[in-house]
Amino acid sequence: MLPKDYVVSKIEGEYAYLKELGNENSEELFIALALLPLGVDVGTKLHYEMLEYSIID
């Protein structure tokens, strides 16, 4: 899978919804918070690469 950047659009319980940056037509990605870095909140930007998410500015 190619590297992609996301923003956390909402959090519900133990899950987060991620929206791909730069692609308005993409569907939201539903993912467990346990797979994301600590400190993730709504509006946090994430970089996904090599099966790992990291927080970006």
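Strands here are DSSP runs of E with at least two residues, and they are numbered from the N terminus. The model is predicted, so local features are given where pLDDT is at least 70 and side-chain atom pairs count at pLDDT 80 or more, whereas totals for chains, interfaces and linings use all residues. Residues are numbered from 1 along each chain as its sequence is written, and side-chain values use heavy atoms, with hydrogens and water left out.

View 1. Val8 belongs to strand 1, residues 4–12, and is buried at a relative accessible area of 2%, where buried means under 20%, exposed means over 50% and partly exposed lies in between (1.4 Å probe, protein chains only). Beyond its neighbours within four places in sequence, Val8 is in contact, that is, with heavy atoms within 4.5 Å, with residues including Ala16, Leu18, Val40 and Leu46.

View 2. The 5 strands form an open sheet in the order 3-2-1-4-5 with antiparallel pairing, two strands being paired if DSSP finds at least two bridges between them. Strand 3 (29–32) and strand 5 (52–56) are the edge strands, each pairing on one side only. Strand 1 and strand 2 pair in the antiparallel sense over 6 bridges, and in this pairing Val8 stands opposite Leu18 of strand 2.

**View 3. The largest nonpolar core.** A nonpolar core is a set of buried Ala, Val, Leu, Ile, Met, Phe, Trp, Tyr and Cys residues joined through side-chain atoms within 4.5 Å. The largest one has 10 residues, among them Val8, Leu18, Ile31, Leu46 and Tyr53. Strand 1, strand 2 (15–20) and strand 4 (45–49) are the elements that give two or more residues to this core.

**View 4. Aromatic rings around Phe30.** Rings of Phe, Tyr and Trp (its six-membered ring) pair if their centres lie within 6.5 Å, and planes under 30 degrees apart count as stacked, over 60 as edge-to-face and the rest as tilted. By this rule there are 4 aromatic pairs. The ring centres of Tyr15 and Phe30 are 4.8 Å apart with their planes at 15°, so this pair is stacked; because Tyr15 lies in strand 2 and Phe30 in strand 3, the pair ties together parts that are 15 residues apart in sequence. Phe30 is partly exposed, with a relative accessible area of 46%. Tyr17 and Phe30 form a tilted pair, at 5.0 Å centre to centre and 50° between the planes.

Notes:
Helices (H or I, at least four residues) and strands (E, at least two) are DSSP runs, numbered from the N terminus.
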